[in-house]
Amino acid sequence: MMTMIHGSRSDAAITPILPLDGRYDLYGPVHKGLRRAGMALLDRLGRADFASPAATTGLLTELRDYLRLATAHIAHESDTIHRALEARTGPATEELDRQHADHHRSIAGLIARITALTDDFSGTREEAGRALYLAFAAHLARDFAHMHEEETVTTPLLQAVFSDAELAAIEMEIVSTLSPEMNLAFMRLIIPALSPAERVRLLGGVRATAPAEVFRLLMDEVARPLLPPADFADLALRLQIAA
């Protein structure tokens, strides 16, 4: 019988969380990055002085950039992960695809709110800012439930039908479609969100498979400026390079 991937449920918090047991984690790192960045933006939106356009211009630009990455991530999942899974198992991602369509609509609405705030210099900015904050919070709530479903339901299915080498190849197929600028933007989300061991696995893999200048770029332009000094020193020690 075909295993179906169900949508986010009200009992998502009690969905059984199976151990990875060392298996390839296709969703984990990018989801950590998106969660961390999304929560930070939500916090800043809640504290923002929307009555002052100058005080929120940079924040709105960062939110728009985040939504651009979130949109790209949805496309990567639909076009690559879902396609590979359906080729191996048959139809299994209808509900996830429906959620992705909902995310696209939600993001379009958020971008419209950002555009309206960017163009609005009237006294209604505070109300518009409050509405953006609440709309983004609702979007994150749905997105977090969706990501939980992917990591607790879809991941075990992927690991059941693909080897770790095949999962790594699926991820590399996604990475190969990214421009250098987009790849760097995702790494800026991901690297600060990872645990020390996860950072070593990620960057150690880059060092083993990518040109040396790519590894140096990630260390110098992402890890060093974005990690606390103690965390960067720990990373350099684990990678056995000079800090």
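**Figure 1. His 31 in helix H1 of the predicted model.** His 31 belongs to helix H1, which covers residues 28-47. The structure shown here and in the other views is a predicted model. With a relative accessibility of 0%, His 31 counts as buried. Leaving out residues up to four places away in sequence, His 31 touches His 73, Glu 77, Met 147, Glu 150 and Glu 151.

**Figure 2. The largest cavity and its lining.** One cavity of 30 Å³ or more is counted in the model. The volume of the largest cavity is about 60 Å³. Its lining is made up of Leu 34, Ala 70, His 73, Ile 74, Glu 77, His 100, His 103, Asp 143, His 146 and Met 147. Helices H2, H3 and H4 each contribute at least two residues to this lining. The largest share, 4 residues, comes from H2. Three of the lining residues, His 73, Glu 77 and Met 147, are also among the residues that His 31 touches.

**Figure 3. The largest nonpolar core.** This core holds 30 residues, and those touching the most other members are Leu 45, Leu 63, Tyr 66, Leu 67, Leu 132, Phe 136 and Phe 186. At least two residues of the core come from each of H1, helix H2 (53-89), helix H3 (94-119), helix H4 (125-161) and helix H6 (180-190). H2 supplies the largest share, 9 residues. Apart from this core lies another, of 14 residues, including Leu 184, Val 206, Phe 215 and Val 222. In soluble globular proteins, nonpolar side chains tend to be buried together.

**Figure 4. Leu 132 and its contacts.** Leu 132 is one of the residues that touch the most other members of the largest nonpolar core. Not counting residues up to four places away in sequence, Leu 132 touches Leu 45, Leu 60, Leu 63, Leu 110, Arg 113, Ile 114 and Leu 117. Among these, Leu 45 and Leu 63 are likewise listed with the core residues that touch the most other members.

**Figure 5. Thr 56 in helix H2.** Thr 56 is found in helix H2 and is buried, its relative accessible area being 0%. The side chains of Thr 56 and Arg 125 are joined by a polar contact of 2.8 Å. A polar atom of the Thr 56 side chain also lies 3.5 Å from the backbone oxygen of Ser 52. Beyond its neighbours within four places in sequence, Thr 56 is in contact with Ala 48, Asp 49, Phe 50 and Arg 125.

**Figure 6. Thr 209 in helix H7.** Thr 209 lies in helix H7, which spans residues 196-209. This threonine is exposed, with a relative accessible area of 69%. The side chain of Thr 209 reaches the backbone oxygen of Gly 205 at 2.8 Å.

**Figure 7. The two faces of helix H9.** Helix H9 covers residues 229-239, and its buried residues are Phe 232, Leu 235, Ala 236 and Leu 239. Viewed down the axis of H9, these buried residues fall within an arc of 95°, so they line one face of the helix. An α-helix has 3.6 residues a turn, so residues three or four places apart point the same way. The buried residues of H9 pack against helix H7 (196-209) and helix H8 (212-226). On the face turned away from the buried side are the exposed residues Ala 230 and Leu 237.

Methods
Residues are numbered from 1 along each chain as its sequence is written. This is a predicted model: local features need pLDDT of at least 70, side-chain atom pairs count only at pLDDT 80 or more; totals for chains, interfaces and linings use all residues. Side-chain values use heavy atoms; hydrogens and water are left out. Buried means under 20% relative accessible area, exposed over 50%, partly exposed in between (1.4 Å probe, protein chains only). Contact means heavy atoms within 4.5 Å. The arc is that of the directions from the helix axis to the C-beta atoms. A nonpolar core is a set of buried Ala, Val, Leu, Ile, Met, Phe, Trp, Tyr and Cys residues joined through side-chain atoms within 4.5 Å. A polar contact is a pair of N or O atoms within 3.5 Å; within protein, one must be able to donate a hydrogen and the other to accept it, and residues adjacent in sequence count only if both atoms are side-chain atoms. On a 1 Å grid over the protein atoms alone, a cavity is a set of points where a 1.4 Å probe fits but cannot get out, and a pocket is an open set with protein on both sides within 12 Å along at least five of seven lines; lining residues have an atom within 4 Å of a point. Grid points are joined across faces, edges and corners, and a volume is the space filled by probe spheres set on the points.
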